[in-house]
Amino acid sequence: MQNWIGGVEKLDVLKRVPIKEQEPIERIHNFDEVCLGYTPDEAAREAQRCLECKNAPCVKGCPVEVKIPEFIQLIKKKKFKESYFKILETNLLPAICGRVCPQETQCEQNCVRGMKGEPIAIGKLERFAADWFRQNCEFEFSKPQPNGRKVAIIGSGPAGLSCASSLAKMGYEVTIFEAFHKLGGVLYYGIPEFRLPKEVVEWEIENLKKMGVEFRTNMIFGKTFDLEDLKQEGFDAVFISSGAGLPNFLNIEGELLNGIYSANEFLTRINLMKAYKFPEYDTPIKLGKKVGVIGGGNVAMDAARVARRLGSEVYILYRRTEAEMPARKEEILHAKEEGIKIVELVSPVRFIGDESGHVRALELVKMKLSDPDSSGRRSVKPVDGSNFVFEADNFIVAIGQSPNPLVKKAIPDLELNPNGSIKVDENLMTNIEGVFAGGDIVTGAATVILAMGMGKKAAESIDRYLNAKMNSKS
């Protein structure tokens, strides 16, 4: 913590400037954002801890290579507007990334300050710069000279938005086609309000509109329109970034009983259809007193924390230990603060229902960890004779998502990987000329910033492809 010497506040450079959060006893009763963000003075103090490393290892840890030391030094000087525009040079979605990116395993993991003491709160400072600008300034964009070429983007999630912003800066006419009635993809329907407010997503998208990007909602690729329609409309290239929206299931006995949700359905009802405001919004979500969430990733944490806010007693059921959970440490901590209990080393065997066809329990088997393999990952195997019954009123399955098969149906000749993801080359082009793909539909469910990195790379590849195509004709 900071201390005072001679009436002047002295900064402890080894520790982060604390950031305010809603108290757990308060936040479990609302969907307001948990983290309250830095004040200008707090942000400037945290920025003072930066060592201004010349080789900037933090930048190397960022998938979109945000100019981290440069934007932090501008915050240190309280040049907040300039700091925001410095981030925009490589990342058009800082208000989103500052909230949901796993900085602790990327930029902050590489922070030299973290070798002795706590790493700089890069994500919180990125969020501060964007929020300060959003609250105090109007977004302006000087449109480049149009180059006369059109690109269609399928999906308005992070990969699509990132690709669109990069192409707009190059002078392309960009149109994003979104299946839902709301824009943002997983940013809107997958992440709860208390972690990523919808107004933040909408503000970032409005900025893209000011850059000239066109959005068309309620457009389902393979149903409402197809590749031939895009060609007829004169699009020169297509980027598919429709994400991994198909939930994975356990494929065990009783999974079709009433009262079992996929996390995808559960969070979509909450976020997109505002089921938590029933009956004001007419999409209900019914939970009993006790809920079990199966999984250990960020989606499992989101589902568990939503269920807690709906008044349920919540248990996370995970086949490894908390130390192996892929969820962000911050999200695990917040969940535990909110009274969510973690049951480690258990794996589902079968769901058990009552006479009316509603789930009432889950048979679990205890697991034990093996020694780490060459990758450091510890496998698990069941303990013979350790089966037991865990009773609950509802269960939420959060074990990952897969690409939606609609894309393959729309483009039968499209090559896929064995796991159903789209196969691309080093330039993110598919086997169909002029058709590129990126984000979760290529990698499987991953992070927002990795999807954005692929969107940025796809824009550069599309630009090279179309320039080469034009030059070959001249």
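Reader: Which helices each supply at least two residues of the lining of the largest cavity?
Author: In this predicted model, helix H6 (94–100), H7 and H14 each supply at least two residues of that lining. The largest share, 3 residues, comes from H14.

Reader: And how many cavities of 30 Å³ or more does the structure hold?
Author: There are 4 cavities that reach 30 Å³ or more, and the largest cavity has about 160 Å³ of space in it. It is lined by 15 residues, of which Cys35, Arg99, Arg127, Arg195 and Glu330 are the closest to its centre.

Reader: What classes of residue does the lining of the largest cavity have?
Author: When the lining of the largest cavity is sorted by class, it has 9 charged residues, together with 3 nonpolar and 3 polar ones. At least three of the lining residues are drawn from domain 1 (10–23 + 30–136), and at least three from domain 3 (249–397).

Reader: What does the domain assignment give overall?
Author: The assignment gives domain 1 (10–23 + 30–136), domain 2 (150–245 + 403–473) and domain 3 (249–397). The centres of domain 1 and domain 2, taken over C-alpha atoms, are separated by 28 Å, and 25 residues of domain 1 are in contact with 25 residues of domain 2.

Reader: Switching to strands: in what order do the 5 strands of the open sheet come?
Author: The order is S5-S4-S3-S6-S18, and the pairing is parallel. Strand S5 (214–216) and strand S18 (435–437) each have a single partner strand, so they stand at the edges and one side of each is left without a neighbour in the sheet. On average, and with direction ignored, neighbouring strands of this sheet are turned by 20 degrees against each other.

Reader: How many bridges join S6 to S18?
Author: Strand S6 (residues 237–240) is joined to S18 by 3 bridges, and Ile240 stands opposite Ala437 in S18.

Reader: Which strands do helices H8 and H17 lie across?
Author: Helix H8 (residues 158–169) lies across strand S3 (150–154), strand S4 (173–177), S5 and S6, and runs at about 170 degrees to S4. Helix H17 (residues 448–473) lies across S3, S6 and S18, and runs at about 165 degrees to S6.

Reader: Last one: what do S12 and S13 form?
Author: They form a hairpin with 5 residues between the two strands, and Gly357 in the turn has a positive phi of about 85 degrees. Strand S12 (residues 346–353) and strand S13 (residues 359–369) run antiparallel and are joined by 7 bridges, and Ser347 has Val365 in S13 as its bridge partner.

Notes. Residues numbered from 1 in each chain as written. Predicted model: local features only at pLDDT ≥ 70, side-chain atom pairs only at ≥ 80, totals over all residues. Heavy atoms only, no water. Pairing = 2+ DSSP bridges. Helix = DSSP H or I, 4+ residues; strand = E, 2+ residues; numbered from the N terminus. Axes fitted to C-alpha atoms, helices over the stretch in contact; angles between N-to-C directions. Contact = heavy atoms within 4.5 Å. Domains from an automatic or database assignment. 1 Å grid on protein atoms, 1.4 Å probe; cavity = no way out; pocket = protein on both sides within 12 Å on 5 of 7 lines; lining within 4 Å. Points joined across faces, edges and corners; volume = space filled by probe spheres on them. Nonpolar A, V, L, I, M, F, W, Y, C, P; charged D, E, K, R; others polar.
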